[in-house]
Amino acid sequence: MPIPKLFMMLVLLLGIGVAASRGSSEVSVRVASQSLATSACSGSFVEHDLPHITTSRQQPARGTDGEGSGLALGDLNNDGRIDIVLANENGPATILWNQGGFRFRKQILADPDTRAVAIVDVDGDGWPDIVFTHNVGIPSYWHNQKGQGFAQAELPGVRYKAYTMLWDDLEGRGQLDLVTASYDTLLDAELKDSFLFSEGAGVVLYRPGPKGYLPERLARRSQALSIAAFDVSGSGKRDLIVGNDFGVPPMVWQPTAKGWEAVHPFPHFSQNVMSLSVADVHNDATPELFSSDMKPDFRDPKALVAWIPLMEKGYKGLTRSASQRPENMLQRRSVHTFRNEAYTLGIDATGWSWSAKFADLNNDGFSDLYVVNGMIDQELLGYLPGGEIVEQNQVFRNVNGRRFEPRPDWKLGSIRSGRGMSIADLDNNGRLDIVVNNLNAPAQLFENQLCGGPALEVSLRWESKNTRAIGAQVMLHTSQGQQWRQVTATSGYLSGDASRIHFGFPASETLQGAWLEIIWPDGKHSAFKNLRPQTLLTLTRQEG
Amino acid sequence: MALIPIRHLPQLLSFRTRQNLALLCGAIGLILAGNAVYGAGMPIWGGTLMFLGSIAVPVGLKWWDDFSQWGMPALVLSGLLLLQGFHFLEHTVQMVQYYLLNLPSAQSQGLISALNVEWVHFTWNVIILACSVYLLRRGMGGFWGWAMVIWTTAHTLEHLYLFVRYLEISRELSALGLPAYGVAQVLPGILGRDGWLAESGICGRIPGLTTLPRVAIHFGWNLGETLLLVVAAQLNLMRLIPREMEKTHD
């Protein structure tokens with residue numbers, strides 16, 4: 001397939017944005033704008049192999065070996081193109097420098113046995129760094145040498161073993177907090193008695209201090225595969241949610257005057273949380289929390305057969321009043337509680353689901369869902385050829401926020417046992433592309449050639465230690481409604497997000513009278529008008 | 001023996017001259033089954049079968065009486081009412097187990113759990129459908145009779161879907177060298193949560209039809225079937241067992 005050429009017109013406009021009238025909470029923004037390219041569409045995604053294979057230590061994989069690694073997307077050298085970092089649970093990681101036109105320069109990063117990865121500006125110098133978690137051990141930190149490579153450095157004070165992590169400005173102080181959580185099953189298996197008789201790991205919140213990170217241990221044990229920041233209480237402050245495997249209930253902490261307090265807001269939750277992601281599915285400016293789990297399509301006998309022996313064990317104790325069920329759940333806030341809407345919307349069963357993320361793939365103004373799946377475990381699935389459940393990745397189109405319809409015609413149904421996955425516009429054409437880190441198979445890039453409407457992309461800059469405004473909320477208000485996005489560094493399963501956010505909208509939407517509303521992590525507001533389709537805006541917060 | 005002309009279902013369902021025998025056998029059955037289950041640890045399905053065995057003789061004699069006094073339609077109707085009544089009781093017990101006792105669906109299997117398997121369900125429904133069609137042809141027509149047959153046909157189709165899929169899954173499991181699994185017997189069918197209708201997205205998620213668990217869906221099927229049978233039978237009793245069919249025995 002022809003690879004569209006990257007062509008961007010640089011800086012069409014530099015100006016000062018118009019701040020909304022919100023009293024002392026308002027801040028203005030400086031605006032840099034550049035056009036996004038336009039390219040031909042074919043109505044589906046086009047698959048490209050990437051030069052990276054995450055391998056399991058044993059062949060076939062056994063136990064937690066089968067759970068693979070993540071990837072992160074971000075502009076590592078500030079050249080306007082989003083690069084890729086792929087973790088590898090059994091070998092070195094890979095950086096794929098985006099050369100444009102879906103050409104990449106491969107660089108091996110000698111950090112072995114990595115699981116989660118995030119691209120974040122840890123030290124606030126304006127250059128995104130790379131952080132990995134490992135099979136066993138504390139997170140490793142690769143400091144960006146101002147675009148000239150990476151040097152391994154220490155995260156002072158970070159001392160607990162971690163499997164998954166979250167980088168976010170949780171308390172709105174203009175600096176990035178780190179939350180790590182352990183997957184104790186893996187540590188038990190690897191370290192045995194030395195872990196059993198150690199101080200353990202669990203969930204730890206690290207706040208940056210003058211001499212390093214100050215840990216606050218929120219839980220001593222966890223089976224965490226994913227962490228998210230999500231406003232549970234509707235207070236405007238985001239709470240901390242840790243999704244656990246093996247039926248361990250989710251852990252939720254709310255910020256209070258006394259510190260972080262554990263709460264239990266969800267009447268029902270997924271039983272084995274593989275990933276968490278936050279999105280506004282209904283375009284009502286109220287985000288929902290999605291958790292992925294393991295549930296097959298009950299209509300397909302061939303698919304079901306692989307699951308029957310697992311279901312025999314897993315469903316044995318499942319009562320009507322069970323608070324946790326093995327299925328994807330979408331937590332939507334109702335008056336005093338949350339209700340699960342995944343089943344109603346038709347996104348509850350996506351197989352052995354790992355990374356699951358919402359994004360407007362067809363630029364129609366609604367966030368669609370992509371889920372990667374499959375499992376390899378010679379112990380658990382020894383009855384299957386290669387010990388593998390082979391499943392197609394699932395993509396669902398969001399139909400006006402009312403239901404989700406499967407779209408196999410988008411050609412995203414890879415069967416390569418995907419684990420980590422992230423979504424971003426890699427060719428700066430306003431369409432979101434997808435990168436998947438598979439297990440024991442080459443990683444994939446799915447180039448978006450859907451024939452949708454135009455897009456508006458937004459990068460935030462903040463002259464603070466949180467240079468990319470991680471945790472900020474951005475709302476696009478148009479004549480057709482509103483769309484909500486949040487700047488995140490990590491989401492899904494072990495995967496990092498690009499800090500650039502994307503709004504798609506139908507071709508009929510001209511953005512006449514549309515405006516952007518930004519709620520910065522510290523609660524301050526900005527607004528910006530004069531929006532044009534197919535534009536990438538870089539909005540830099542102006543203090544004072 | 002002279003018989004009162006039959007005009008109401010309770011008359012048909014009554015043990016009549018076999019009442020004392022039925023009560024005696026029932027009491028003995030209850031005592032034996034209770035001791036077996038609570039004393040000797042026999043599973044509930046075993047105790048239930050023991051009870052059913054103990055009342056088999058009076059029930060068989062009662063059905064012989066129905067046949068010899070009022071003919072084949074009375075025998076079929078009487079048998080259908082008793083069997084469907086017991087079957088509905090089974091589903092009621094399942095509902096109690098699932099909703100009131102909060103047992104997992106895998107354990108909410110009624111009194112005769114060993115028979116809660118797809119081929120039994122399918123065979124049972126085919127028999128019920130065949131009996132319904134027979135009664136329809138013998139006079140149990142009208143709106144309620146036809147409604148009963150249509151309802152039963154739909155119920156049987158659901159079990160046909162379940163049975164065919166069970167066979168397919170069993171064949172695939174066998175090809176993998178795996179044994180049969182109990183969970184394969186309690187999968188959702190066309191209706192209900194995770195059923196074909198829900199997953200197909202044809203008409204979206206309809207509260208009840210695509211949201212209720214299998215135990216509630218089949219309780220609903222059998223509730224409808226039992227009610228329609230009772231109403232159709234009562235309204236058509238005169239046509240099923242005309243006065244001239246009533247025999248008088250001296």
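In this predicted model, helix 2 of chain B and helix 3 of chain B run roughly antiparallel to each other. Helix 2 covers residues 19-39 and helix 3 covers residues 44-54 of chain B. Their axes come within 8 Å and cross at roughly 160°. The crossing of the two helices is right-handed.

Which residues of helix 2 meet helix 3 in chain B? From helix 2 come B:Cys25, B:Gly26, B:Gly29, B:Leu30, B:Leu32, B:Ala33, B:Ala36 and B:Val37. Helix 3 answers with B:Ile44, B:Gly47, B:Met50, B:Phe51 and B:Ser54. By class, the residues of this contact split into 9 nonpolar, 4 polar and no charged.

A second pair in chain B can be read the same way. Helix 4 spans residues 56-70, and helix 5 spans residues 72-100 of chain B. Their axes come within 6 Å and cross at roughly 150°. That angle makes helix 4 of chain B roughly antiparallel to helix 5 of chain B. Helix 4 passes helix 5 of chain B in a right-handed crossing. On the helix 4 side, the contact uses B:Val59, B:Lys62, B:Trp63, B:Asp66, B:Phe67 and B:Trp70. On the helix 5 side, it uses B:Met72, B:Ala74, B:Leu75, B:Ser78, B:Gly79, B:Leu82 and B:Leu83. The residues of this contact between helix 4 and helix 5 of chain B divide into 9 nonpolar, 2 polar and 2 charged.

Now step back to chain B as a whole. Chain B has 10 helices and 0 strands. Its pattern along the sequence is α-α-α-α-α-α-α-α-α-α. The C-alpha atoms of chain B fill a box of roughly 65 × 50 × 35 Å along the principal axes. Of its 250 residues, 47% are buried. Take the contacts in chain B with a separation of 6 or more: 69% of them link residues 24 or more positions apart.

Chain A is built from other elements. It contains 4 helices and 44 strands. Its C-alpha atoms fill a box of roughly 60 × 55 × 50 Å, again along the principal axes. Why does its radius of gyration agree with that of a compact globule? A compact globule of 544 residues would have a radius of gyration near 24 Å, and chain A has 22 Å. Buried residues account for 63% of the 544 in chain A. Among contacts between residues at least 6 apart in sequence, 60% join residues at least 24 apart in chain A.

Is A:Ile130 buried or exposed? A:Ile130 has 0% relative accessibility, so this residue counts as buried. It sits in strand 9, residues 129-134 of chain A. Leaving out residues up to four places away in sequence, A:Ile130 touches A:Leu76, A:Val85, A:Ile95, A:Leu109, A:Val117, A:Ala118, A:Ser140, A:Tyr141, A:Trp142 and A:Phe150. A:Gly387 is 257 residues from A:Ile130 in sequence and 33 Å from it in space, C-alpha to C-alpha.

A:Trp352 lies in strand 27, residues 351-359 of chain A. With a relative accessible area of 7%, A:Trp352 is buried. Beyond four places in sequence, the residues touched by A:Trp352 include A:Met274, A:Asp293, A:Met294, A:Trp307 and A:Leu310. Also among them are A:Val372, A:Asn373, A:Gly374, A:Met375, A:Leu380, A:Ile389 and A:Glu391.

Last, the backbone. Most residues other than glycine have a negative phi, and most peptide bonds are trans. The bond from A:Gln59 to A:Pro60 is cis, with omega near -10°. A:Pro60 is in the loop between strand 3 (44-53) and strand 4 (71-74) of chain A.

A:Ala285 has a positive phi, near 60°. It belongs to the loop between strand 21 (275-279) and strand 22 (288-292) of chain A. A:Ala285 is partly exposed, at 26% relative accessibility. A:Asn363 is not a glycine, yet its phi is positive at about 50°. A:Asn363 is in the loop between strand 27 and strand 28 (368-373) of chain A. Its relative accessible area is 2%, so A:Asn363 is buried.

Conventions: Residues numbered from 1 in each chain as written. Chains lettered and ligands numbered in written order. Predicted model: local features only at pLDDT ≥ 70, side-chain atom pairs only at ≥ 80, totals over all residues. Heavy atoms only, no water. Axes fitted to C-alpha atoms, helices over the stretch in contact; angles between N-to-C directions. Parallel < 35°, antiparallel > 145°, perpendicular 65-115°, else oblique. Left-handed = near helix turned anticlockwise from the far one by under 90°. Contact = heavy atoms within 4.5 Å. Nonpolar A, V, L, I, M, F, W, Y, C, P; charged D, E, K, R; others polar. Rg over C-alpha atoms; globule rule 2.2 N^0.38 Å. Buried < 20%, exposed > 50% of the residue type's maximum accessible area, 1.4 Å probe, protein only.
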